[in-house]
Amino acid sequence: MRNRTICVAIFWLIVMLFVSQVNAAENIIFELVAKQQTIKVGEPLTIDVVFSVPESHISELPESYDYDLEFFYVEKEGVLIGKVPSFFDKFKINNSQDRQYRATAVLFYDWLERKLLFEVPSNYSVRFGDLSTILTVNVEKPSNVEELALSLISDPNDYFFLGFGSRVHGEKHSETILHLEEVVKRCPETVLAKWCAARLGLEYFKDFEKKHRSIMKFRSAKTQGQIQEPLFDKAHLYLTKGATLPNDFPIREEVLLQLAVAKFINNDLIKANSILDELATKYPNSKYGKKAVKAKAELQEIQHSESAQPKDPNHAED
Amino acid sequence: MKTRYILQCGLIFIGTLVPTAFACHEVELRPIIGIEVVPVGSSANYYVPDEPPTKPAAFCKQGCSSFTYTWKVNGEVVGSDSTSYEHTWSSIGTKIPLSVTASCGGGGHATAFKDIRVVGVGSVSAGGQISIPGNIKTIYVAKGSDGATIPVTAAPNPSGAWPTGKPTWENANQAYEDEEHEHPIPGLATFPIDSAGTTTVTATCGTSLSINIVVVEVDLLEWKTYGDNTPLDSHPAVPNNGGKRIFPGHQSPTDASSDRKKVYVEAVVSPIVAGIEVYFKWYDVDDPSSDTSPIDSNGAAGNDNRGSGASLSATSATTDANGKASVVFTVSMAPGDNFKVFASTNSSMLNEMTQAKADSMTLPDTVVATEMLTTWRKLWVERDSMETIPTSGNEKNHVSGSATYGPYGVPIPGRTEVELNLNLYDDWSYIDQFENGRFVITDGTTERTYTVFSNTSYYFSHDKIVVIGDPTGDFGGNPPTDYELYDDDATAMPTYPDIENSSWGSKFNVAYIKPVNIDASDNPRKTVVFDRNLDIYAVMTVSGNWMMQRDHSSSNSFWNVLVVSAFQDTDKDTDGDIYEVCGVSAIAGNACVFYAETCREASGSDVEHTIVHELGHTGGVLYHCGPATLIPPQIERGCGQTNCLMSNGGPGSDFCDYNIVEFRKDSNW
């Protein structure tokens with residue numbers, strides 16, 4: 001842990017050095033970019049927050065900027081209806097040529113007021129702090145199935161579990177799990193269902209990891225048909241569904257990484273490799289994109305090692 | 001005289017009709033000369049002018065040349081044989097007859113008369129009160145400005161004119177019709193009321209009569225603690241308000257009194273007398289802690305308090321037997337709100353008070369002011385902590401398993417690689433997470449501990465650690481396989497940092513806030529379930545178990561904040577994420593968490609320092625002050641001070657003005 005402390009100290013020195021050298025004359029404007037200008041009630045809104053650092057400020061761009069807490073201000077017909085913490089702590093470099101940084105947020109639920117953000121069809125405007133462009137979003141009436149999905153997760157605990165998982169929710173109330181599973185089951189094509197699936201997949205995988213401390217041993221036992229584990233099966237199922245989320249949906253990166261491990265356990269090494277490739281390619285600057293590179297290297301080493309050993313007659317690709 | 005002469009002649013005429021009557025000499029007498037209006041008790045000379053030969057006092061037509069004179073007062077003979085007479089007038093009266101009779105040898109006589117008014121002081125009055133003999137009054141007058149006077153009048157007895165030059169005045173000044181003081185106004189004097197004290201004013205006209213005049217001023221004006229409220233105390237040296245401070249919030253979590261905002265304003269008059277009306281006014285005087293924005297945008301002027309609801313219970317009160325008059329002042333609740341009350345026995349003078357005069361302390365005569373009274377708030381800190389670190393279950397703080405040992409010295413001399421035969425998962429799954437930790441093995445008789453040099457974080461394969469030393473060699477080639485792997489954590493739980501008595505707690509002084517620990521008796525539920533890695537988002541969104549043992553909520557009457565001692569956060573990813581989170585606040589929850597183990601590990605991080613920073617967030621500072629943040633430097637917020645306590649990551653040592661403005665609010669903390 002001492003190394004980390006030293007790292008912190010060095011980092012601060014670097015930060016203070018470039019802070020002292022900058023010319024603060026130019027203001028940065030955050031540009032809000034949404035993939036959809038129109039969403040439906042109950043549909044999460046994914047927003048990219050983008051800014052470019054002028055060359056006059058700093059010549060050598062850092063890989064990321066940690067960002068202080070900021071709020072998204074959501075207005076409906078000119079009236080402020082929500083003030084939602086951004087909850088992302090980093091802007092990753094997005095395009096070094098344009099000196100552009102990006103962070104992605106999902107606006108869906110007002111975590112502080114504990115209510116849905118886009119509750120009724122209307123025109124909404126969104127801004128990020130005081131230095132951003134204003135994004136206009138048209139929220140339309142939901143379809144029947146979307147309305148059903150929403151009705152199935154009406155409890156604040158459901159939303160917290162969906163947004164943050166058990167690490168924030170604390171106890172995984174069985175009711176919450178049931179609610180999310182019901183959404184996946186009854187409204188499978190909605191974005192909400194895919195998000196629910198992603199969260200369920202990650203949580204089931206955590207439970208699986210706690211129960212089975214060795215990936216390799218479980219994989220071996222499973223391969224030999226010596227073990228049945230519903231936790232793993234559910235994790236695999238939901239991670240697979242969760243992976244169908246749009247590429248820019250933040251939770252998808254983590255889902256892909258765990259899905260790759262699940263595929264490895266299932267001996268689907270081709271799929272595991274392709275998922276890791278996708279992760280590394282689509283999200284090269286993200287935490288999970290970098291993890292994917294390391295995981296890929298580890299996977300290849302295992303493959304190399306296993307290929308050197310005699311083939312197990314019971315080993316079958318799924 | 002003509003009437004008397006006719007009467008005399010009438011008698012002579014009657015005498016001519018009476019055969020036995022004899023004819024007398026006809027005498028004429030000149031009138032009595034002397035003062036007709038005299039002060040009682042005084043002597044006066046009376047005489048009949050005698051200017052022979054042409055104008056003798058008495059004249060007999062029959063030629064008598066000698067006369068005898070008889071002086072009478074009220075019919076009694078008081079003197080004779082002289083044309084003059086001196087009399088001492090000892091009794092008051094309206095028409096006391098004075099006469100002198102001149103008689104001649106021929107039986108003739110004539111009498112001259114004069115009515116005398118003998119005057120005393122009938123009454124003396126001032127300020128609506130009238131003293132009369134045997135009933136001397138005392139009047140109370142509010143002290144006036146320099147040169148101010150009140151009239152004092154005296155009335156004669158019997159009514160009518162005063163004797164010339166009367167009455168005379170003692171301790172009052174004769175009033176005049178003219179500025180040259182040539183024409184005194186009888187019976188009228190002026191009395192100066194520009195200094196406090198008791199004076200007896202006396203009017204004298206033969207006799208004396210007094211009236212007591214008491215000029216009263218407010219001698220002392222003080223703030224006094226109301227009821228069983230927290231005693232007012234002297235304001236600390238910083239900020240430089242001086243005077244007294246009041247804590248108007250509740251005194252404890254169970255206190256429900258609505259009187260904590262109240263304070264007595266007590267005036268003591270001089271001289272000490274009961275029944276005196278004292279008048280009061282209050283002003284929101286200038287905030288002395290700053291004369292610049294954002295704290296004090298109206299400079300040296302007052303009327304800059306942030307709270308509302310300050311008021312006086314009455315604009316006047318009457319002194320008791322001890323000369324004390326009190327009203328109740330209710331302060332506003334925003335910390336730093338400051339007040340002065342002004343009082344006078346003279347309502348007119350008090351009405352000359354203005355905000356500007358209060359600000360500059362240029363007070364009208366007779367008006368006195370209290371010291372400044374400043375509102376302070378206690379920030380009641382409820383201290384909860386995670387319970388003792390468990391030794392089993394999911395939240396235990398170690399990993400156990402069965403090890404496989406590599407050869408000593410491979411891959412690094414002096415070290416041994418150990419395969420853990422499991423995957424380090426979740427919050428342990430970071431490279432070198434266990435660096436400097438402990439690897440503990442025992443064969444039943446000997447327990448050995450090895451320092452961890454490094455660890456892997458694999459996605460698929462079993463993780464490995466490298467320990468310093470040779471476990472295989474130490475156990476004679478047969479090391480135990482069962483192990484326990486510990487991180488280098490050293491913090492014992494529960495832990496309850498003391499902000500109240502920490503030097504960091506006093507950092508809130510600049511905002512007139514005093515952090516105070518809630519007593520253990522008022523905080524019966526003080527341990528929460530242990531969570532090895534409490535997520536910062538759980539705190540920020542007020543979710544999860546960490547605040548389940550909160551005993552008290554916060555209100556504007558009772559500023560309460562929950563500080564929970566947690567172990568460490570989940571932000572343990574060294575893959576480019578090196579930011580240590582020592583504390584985090586619940587944005588909407590009046591609560592915060594500090595991570596005790598993280599704080600311990602972060603170099604030089606002071607626990608109380610971290611908590612005070614987080615308390616700052618709970619007080620409304622949502623953003624970190626620049627520039628010491630990791631944000632693009634041109635997006636600085638707030639003060640721009642490098643030493644600001646609310647800057648990010650490496651906070652400074654003092655709150656900046658922008659922070660202070662957030663804290664000094666008239667609402668819930």
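A residue is counted as buried when 20 or more other C-beta atoms lie within 10 Å of its own C-beta atom. In this predicted model, 14 of the 15 residues of helix α9(A) are buried by that criterion, so the helix is largely enclosed by the rest of the structure. Helix α9 of chain A comprises residues 251-265, and at 1.5 Å a residue its 15 residues should span 21 Å, which agrees with the 21 Å that separates its end C-alpha atoms. The helix is followed by N267(A), a residue whose phi is positive, near 65°.

Two packed helices are described by the angle between their axes and the distance between the axes. Helix α6 of chain A, formed by residues 191-211, packs with α9(A) at an angle of about 50°, and the axes are 10 Å apart; α6(A) and α9(A) are therefore oblique to each other, and their crossing is left-handed. To this contact α6(A) contributes W195(A), A198(A), G201(A), L202(A) and F205(A), while α9(A) contributes I251(A), R252(A), E254(A), V255(A), Q258(A) and A262(A). When these residues are sorted by class, the contact of α6(A) with α9(A) has seven nonpolar, two polar and two charged residues.

In chain B, attention may be turned to a cysteine, C599(B), which lies in helix α6 of that chain, made up of residues 596-601. C599(B) is buried, because 23 other C-beta atoms are found within 10 Å. Between the C-alpha atoms of C599(B) and C104(B), which stand 495 residues apart along the chain, the separation is 134 Å.

Terms used: Residues are numbered from 1 along each chain as its sequence is written. Chains are lettered from A and ligands numbered from 1 in the order in which they are written. This is a predicted model: local features need pLDDT of at least 70, side-chain atom pairs count only at pLDDT 80 or more; totals for chains, interfaces and linings use all residues. Helices (H or I, at least four residues) and strands (E, at least two) are DSSP runs, numbered from the N terminus. The expected span of a helix is 1.5 Å times one less than its number of residues. A residue is buried if 20 or more other C-beta atoms lie within 10 Å of its own, exposed if 12 or fewer, and partly exposed in between; C-beta atoms are placed from the backbone. Axes are lines fitted to C-alpha atoms, for helices over the stretch in contact, and angles run from 0 to 180 degrees between N-to-C directions. Angles under 35 degrees count as roughly parallel, over 145 as roughly antiparallel, 65 to 115 as roughly perpendicular and the rest as oblique. A crossing is left-handed if the near helix is turned anticlockwise from the far one by less than a right angle, and right-handed if clockwise. Two residues are in contact if their C-beta atoms, placed from the backbone, lie within 7 Å. Ala, Val, Leu, Ile, Met, Phe, Trp, Tyr, Cys and Pro count as nonpolar, Asp, Glu, Lys and Arg as charged, and the others, Gly among them, as polar.
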